[in-house]
Amino acid sequence: MRIVGGKLKGIRFQVPKAFDSRPTTDFAKEALFNILSNNFDFENCEILDLFTGTGSLSLEFASRGAQHVYGVDRNVACLRFIGEICKKHHLSQIRLLKNDAIKFLQIADIQFDIIIADPPYDYKYYDYLIALVFERELLKTKGMLILEHGKQNDFSTHEKFLFLRNYGGVHFSFFANENPETLQ
């Protein structure tokens, strides 16, 4: 796993083999951040990374100067791994929370500019996760929800769906309260 942009660009991390997490590929991550950087000033963003796993996306946001990044995962080993990287590279803007993603969304009391969720591809609660984000108004007015998922999922009929991007086996579905003018 490596950081593809920002102040830590090029730094590689060895993910423990015992992890059952699947890091987002560098190719897909670079494409995702090209889209996001055209629409957000990360330095003023509140980011929520659900199913943070290896921390690849949280670390990428922090490297690019995100103000606050909340990494949520229920795996203590993953959180410990990310915490060690944060300490080593002085990434104090990442706050790690041990929790189930759905339970966290049910109790969250702040709004986010970007919520990204990368659950296992066989996750059964995508629809509930999307519903919670919008019903609880967890996105700021111009905020965005991004789901990473496999090809078997199709969210194109959801009223808040914007578009889908595919990068090999990685699919990102984008959702928002309003349709941003500059999205690509």
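Reader: Which residue is the bridge partner of Gly71 in β3?
Author: In this predicted model, Gly71 has Leu96 as its bridge partner in β3.

Reader: And how do β2 and β3 pair, in the parallel or antiparallel sense?
Author: Strand β2, residues 68-73, pairs with strand β3, residues 94-98, in the parallel sense, over five bridges.

Reader: Let me change topic to Ser58. Where is Ser58 found?
Author: Ser58 belongs to helix α2, which covers residues 56-63.

Reader: Is Ser58 buried or exposed?
Author: Ser58 counts as buried, because its relative accessibility is 0%, and the cut-off for buried is under 20%.

Reader: With which side chains does the side chain of Ser58 make a polar contact?
Author: One of them is the side chain of Asp49, at 2.7 Å. Another is the side chain of Thr52, at 3.2 Å.

Reader: Which residues is Ser58 in contact with, leaving aside its neighbours within four places in sequence?
Author: Ser58 is in contact with Asp49, Thr52, Val69, Gly71 and Ile94. Gly71 is the residue bridged to Leu96 in β3.

Reader: How many residues of α2 are buried?
Author: Eight of the eight residues of α2 are buried, so the helix is largely enclosed by the rest of the structure. Among them are Leu57, Glu60 and Phe61.

Reader: What do the buried residues of α2 pack against?
Author: They pack against α1 (26-37), β1 (46-50), β2, α3, β3 and β4 (112-117).

Reader: Which residue takes a positive phi just after α2?
Author: That residue is Gly65, with a phi of about 90 degrees.

How values were computed. Residues are numbered from 1 along each chain as its sequence is written. This is a predicted model: local features need pLDDT of at least 70, side-chain atom pairs count only at pLDDT 80 or more; totals for chains, interfaces and linings use all residues. Side-chain values use heavy atoms; hydrogens and water are left out. Helices (H or I, at least four residues) and strands (E, at least two) are DSSP runs, numbered from the N terminus. Buried means under 20% relative accessible area, exposed over 50%, partly exposed in between (1.4 Å probe, protein chains only). A polar contact is a pair of N or O atoms within 3.5 Å; within protein, one must be able to donate a hydrogen and the other to accept it, and residues adjacent in sequence count only if both atoms are side-chain atoms. Contact means heavy atoms within 4.5 Å. Two strands pair if DSSP finds at least two bridges between them.
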